[in-house]
Amino acid sequence: QVQLVESGGGLVQPGGSVRLSCAASGSGFSTYTMGWYRQAPGKQRELVARIFNDGSTYYTDSVKGRCTISRDNAKNTVYLQMNSLKPEDTAVYYCTAGIITIFWGQGTQVTVSS
């Protein structure tokens, strides 16, 4: 079992930046593929980014060049740095651990608005 707690969301102006953090508890953090999903109002939840246990990464097309996912295995924490934010980035962002069996955090709201 892995417990995940996200932080760092809030209200951001268009063009601004935000850094989300996800602290994990439980064993084996370094072995998990970690990810960030988001769900906008009225839309399906979508994968934003993943970081694998070898450090390789994946980004969905809509955030490529604007987002960076990283992990600190010593701190059991994964991060999502988002830059050049757009109103369409407004969503609840969820941290995940695993691929086949996925553990979810409770989510953190990011609102991009002037």
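Two strands count as paired if DSSP finds at least two bridges between them. Strands are DSSP runs of E with at least two residues, and helices are runs of H or I with at least four, numbered from the N terminus.

This is a predicted model: local features need pLDDT of at least 70, side-chain atom pairs count only at pLDDT 80 or more, and totals for chains, interfaces and linings use all residues. Residues are numbered from 1 along each chain as its sequence is written, and side-chain values use heavy atoms, without hydrogens and water.

**Whole chain.** Show the protein chain as a cartoon. The count is zero helices and 11 strands. The radius of gyration (over C-alpha atoms) is 13 Å, close to the 13 Å of the globule rule (2.2 Å times the number of residues to the power 0.38) for 114 residues, so the chain is as compact as a globular protein of that length. Its C-alpha atoms fill a box of roughly 40 × 25 × 25 Å along the principal axes.

**Select 46-51.** This is strand β5.

Strand β4 pairs with β5 in the antiparallel sense, over five bridges. Pick G35: R50 in β5 stands opposite. Six residues lie between the two strands of this hairpin, and among them G42 takes a positive phi near 75°.

Strand β6 runs antiparallel to β5, joined by three bridges. Which residue in β6 is the bridge partner of A49? Y59 is. Five residues separate β5 and β6 in their hairpin, where G55 takes a positive phi near 90°.

Key. Buried means under 20% relative accessible area, exposed over 50%, partly exposed in between (1.4 Å probe, protein chains only).
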